[in-house]
Amino acid sequence: MLIAERWSRLARGQDALHHRAMRQFAIISLAILALSTVPVTAQVTATFEAQSDRSFGNPHDIVLSPDGSRLYVADVNNNAVKVLDPQSLTTIGAFGSGELSRPHDVAFDPAGRLLVADTGNGRIAIYQVSAESGRLVDEITGLASPEGVVAAPDGTIYLTNVGRHNVEAWRDGKRIARIGGRGSGANEYIRPHDIDIGPDGHIYVSDPGNDRIQILDDALRMIGEIGGDRYRFNEPKYVAINEKGWIFVVDEFNNQIKILNKTFEIVGIIGTGKSGLGPNRFNQPEGAEIRGDTLWISDTHNGRIMRFSLAGMPVR
C-alpha cells in the first residue's frame, strides 16, 4: 500500500507538472516520445511559438508567399483563401468568397500566381495575388474533387483528383498526362490528396487510403513509396518538402507531424498521438508549410494555424 501510495503521489505530481508546462508553452521534444512506437532517430526538436485564433472552418493546406511576407490558407468551410501574417498569425485579408467551394490546397506557380484546388467546383482556380487580395484570372476545369496541386519550375501543373483516384499533369491549359485509378498497386490510389515536388524533381503524392506516399518521376512513373510498418501512417494527407529534401508528413489520424530526412528516416515527431488542444496536440491536422527552420501547421479540426521553430535541421 505504501508503494502504491507513493506511485499515486508521483503520478499526481507528474500530471501537475505536465499542465504547468502546457500553460507555459514549453519546448516540445519531438525526437523521443514515450507514447510513440515508431522508430525515431533522435535529431530534431521543435518549440511552439504561436497560434492563430480559431475562426477557421476546417483549414487545410497552407503556403507561404515567395517573399515570405504572407501565409495563405485554404479555408474549406469558409469557401475562401485566408491571408495571414506569418509571424503573428493574425488574419489580414481573404478572397475567393462567392467564387470558391471547399478549397483544399494552395500553391504558387513560377509566375507568382496562386493555384487553388477548388474542390467543390471541380477545378483549379488560378489567382493573381497582391498582398492580401486575389483576382481570379484563369482556371483548369473538368476535374473530379481535386484536393492537391503543385507547379513545377517549367510551369507544368500536377494535381490529384480524389473523385477519380488519379493524378494528372497539365501544361498551357491542356492535360498532357493522366495516371492512376482506385487500387493499392503501383501508381494506384485511394483518395490521393496532396502532391508536391522535391528538390530532386521527384513528385510526392500522398495516398491516404493506402497509408503511404508514392514517389513519381516527372513522367508520372512510380519510382518508390514511403509507407509500411516503419512509418505506421494513418491517413497521411498533406506534405511539405524543404530545400534539402526533408519531408514533413501530416499524419492526420495519428494526430502527428512526422519529419523525414532525405533518406526517409524519421528524425522527429510532433504530437503525442492523441487528439487535443495545446501546444503539442492536434486534432486531425491536414496542412503544413516549411521555410528554413520555421514550420507552420494547419490544425484542421481545432480550426487554427500553429507555428513552430525547429532545431537540429541540417545547415547544408
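These are my notebook entries on one predicted protein model.

**Ground rules.** Since the model is predicted, I took local features only at pLDDT of at least 70 and side-chain atom pairs only at pLDDT 80 or more, while totals for chains, interfaces and linings use all residues. I numbered residues from 1 along each chain as its sequence is written, and side-chain values use heavy atoms, with hydrogens and water left out.

**Overall make-up.** I looked up the secondary structure. The protein has 1 helix and 25 strands. Both are DSSP runs numbered from the N terminus: helices are H or I with at least four residues, strands are E with at least two. Next I looked up burial. Of the 316 residues, 54% are buried. Buried means under 20% relative accessible area, exposed means over 50%, and partly exposed is in between, with a 1.4 Å probe and protein chains only. Then I took contacts, meaning heavy atoms within 4.5 Å. Among contacts between residues at least 6 apart in sequence, 45% join residues at least 24 apart.

**The β3 to β6 sheet.** I traced an open sheet of 4 strands in the order β3-β4-β5-β6, with antiparallel pairing. Its edge strands are β3 and β6 (91–95), and each pairs on one side only. Neighbouring strands are turned by 25 degrees against each other on average, direction ignored. For such angles, axes are lines fitted to C-alpha atoms, for helices over the stretch in contact, and the angles run from 0 to 180 degrees between N-to-C directions. Two strands count as paired if DSSP finds at least two bridges between them. Strand β5 (residues 80–84) runs antiparallel to β6, with 4 bridges joining them. I noted one partner: Val-81 bridges to Phe-95 in β6.

**The β7 to β10 sheet.** I found another open sheet of 4 strands, ordered β7-β8-β9-β10 with antiparallel pairing. Here β7 and β10 (133–140) are the edge strands, each pairing on one side only. The twist averages 30 degrees from one strand to the next. I counted 7 bridges in the antiparallel pairing of β9 (residues 123–130) with β10. Ile-126 has Asp-138 in β10 as its bridge partner.

**His-104.** A polar atom of its side chain lies 2.8 Å from the backbone oxygen of Arg-102. I listed its contacts, leaving aside neighbours within four places in sequence: His-60, Asp-61, Ala-74, Val-76, Ala-117, Thr-119, Glu-147 and Tyr-238.

**The largest pocket.** I looked for open space with a grid. The largest pocket holds about 730 Å³. It is lined by 33 residues, and the closest to its centre are Val-63, Asp-196, Ile-197, Ile-241 and Glu-289. A pocket is an open set of points on a 1 Å grid over the protein atoms alone, with protein on both sides within 12 Å along at least five of seven lines; lining residues have an atom within 4 Å of a point. Several strands supply at least two lining residues each: β3 (59–64), β7, β11 (146–151), β15 (195–197), β19 (236–241) and β23 (287–291).

**Strand β20.** I checked how enclosed this strand is. All 5 of the 5 residues of β20 (residues 247–251) are buried, so the strand is largely enclosed by the rest of the structure. Ile-247, Val-249 and Asp-251 cover one side, and Phe-248 and Val-250 are on the other; all are buried. On the β19 side, the pairing is antiparallel over 5 bridges. Pro-236 has Asp-251 in β20 as its bridge partner. The two strands form a hairpin with 5 residues between them, and Gly-245 in the turn has a positive phi of about 90 degrees. β20 also pairs with β21 (residues 256–260), antiparallel over 5 bridges. There, Phe-248 has Ile-259 as its partner in β21. This hairpin has 4 residues between its strands, and Asn-255 in the turn has a positive phi of about 55 degrees.

**Positive phi in loops.** I looked up two further residues. Ser-145 is not a glycine, yet has a positive phi of about 50 degrees. It sits in the loop between β10 and β11 and is partly exposed at 32% relative accessibility. Arg-232, also not a glycine, has a positive phi of about 50 degrees. Its place is the loop between β18 (222–227) and β19. At 39% relative accessibility, Arg-232 is partly exposed.

Conventions. A polar contact is a pair of N or O atoms within 3.5 Å; within protein, one must be able to donate a hydrogen and the other to accept it, and residues adjacent in sequence count only if both atoms are side-chain atoms. On a 1 Å grid over the protein atoms alone, a cavity is a set of points where a 1.4 Å probe fits but cannot get out, and a pocket is an open set with protein on both sides within 12 Å along at least five of seven lines; lining residues have an atom within 4 Å of a point. Grid points are joined across faces, edges and corners, and a volume is the space filled by probe spheres set on the points.
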